[in-house]
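Morning, everyone. Please have the sequence and the model open while I talk.

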Amino acid sequence: MNTTLTPLMPKGWAMAATRRKNLQRVGWLFVVSVVSLLSSCATTDINAIAPPVADGSSQLARGRIIYVTKCAKCHAPEPVHNYTRAEWQQIMPEMVEETHLNPSDAAAVTAYVESLAAR
Ligand code: HEC
């Protein structure tokens, strides 16, 4: 019974072994990319992107909450200091409209980004 199977088996085994090796390689690639993704998340600090405001009850603090919650629905929140005041004034009308903010929330988030804009 061995005589009929032996010519076939090594081929099948070799293929299975190659497949296993490839799977292992893909597995490692997956592990490595998940680990690097996680570590890059750990270094992405929301407080660096949207710095907190000293007075938590202020309009600016309310603007920050809107910024980190509502302004991050379509894209990651941009670091506030990446834009000058003039640039924010150009960007905000469109983004406020995209976010469907009421006038009071629009004013709060606009005041927040302008307060921390690049100089
Ligand atoms: C409905 C989706 C959506 C929401 C909500 C949204 N954005 Fe955007 N945002 C976009 C898209 C799409 C772009 C890129 C194209 C463009 O500029 O119109 C963009 C681009 C930007 C840019 C880059 C502009 C540039 O010229 O470099 C900034 C900054 C920005 N958004 C801030 C905000 C802020 C602040 C809010 C909240 C008030 C917000 N976004 C809410 C969709 C959105």
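Let's start with a term. A residue is buried if 20 or more other C-beta atoms lie within 10 Å of its own, exposed if 12 or fewer, and partly exposed in between, with C-beta atoms placed from the backbone. By that rule, buried residues make up 13% of the 119 residues in the protein chain.

Two notes on the source. Numbering starts from 1 along each chain as its sequence is written. The model is predicted, so local features need pLDDT of at least 70 and side-chain atom pairs count only at pLDDT 80 or more, while totals for chains, interfaces and linings use all residues.

Now the layout. The protein chain has 6 helices and 0 strands. Helices (H or I, at least four residues) and strands (E, at least two) are DSSP runs, numbered from the N terminus.

Helix α4, residues 59-69, and helix α6, residues 103-115, have axes that come within 7 Å and cross at roughly 95 degrees. Axes are lines fitted to C-alpha atoms, for helices over the stretch in contact, and angles run from 0 to 180 degrees between N-to-C directions. So α4 and α6 are roughly perpendicular to each other. The cut-offs: under 35 degrees is roughly parallel, over 145 roughly antiparallel, 65 to 115 roughly perpendicular, and the rest oblique.

Who makes the contact? On α4, the residues include Leu-60, Ile-66 and Tyr-67; on α6, they include Ala-108, Val-109 and Tyr-112. Contact here means C-beta atoms, placed from the backbone, within 7 Å.

Then the core. The largest nonpolar core has 11 residues, among them Leu-60, Tyr-67, Trp-88 and Val-109. A nonpolar core is a set of buried Ala, Val, Leu, Ile, Met, Phe, Trp, Tyr and Cys residues joined through C-beta atoms within 7 Å. The largest share of this core, 4 residues, comes from α6. Look at Tyr-67. Leaving out residues up to four places away in sequence, Tyr-67 touches Ala-50, Pro-77, Val-109, Tyr-112 and Val-113.

Last, Gln-89. Gln-89 lies in helix α5. With 14 other C-beta atoms within 10 Å, Gln-89 is partly exposed.

How values were computed: Contact = placed C-beta atoms within 7 Å.
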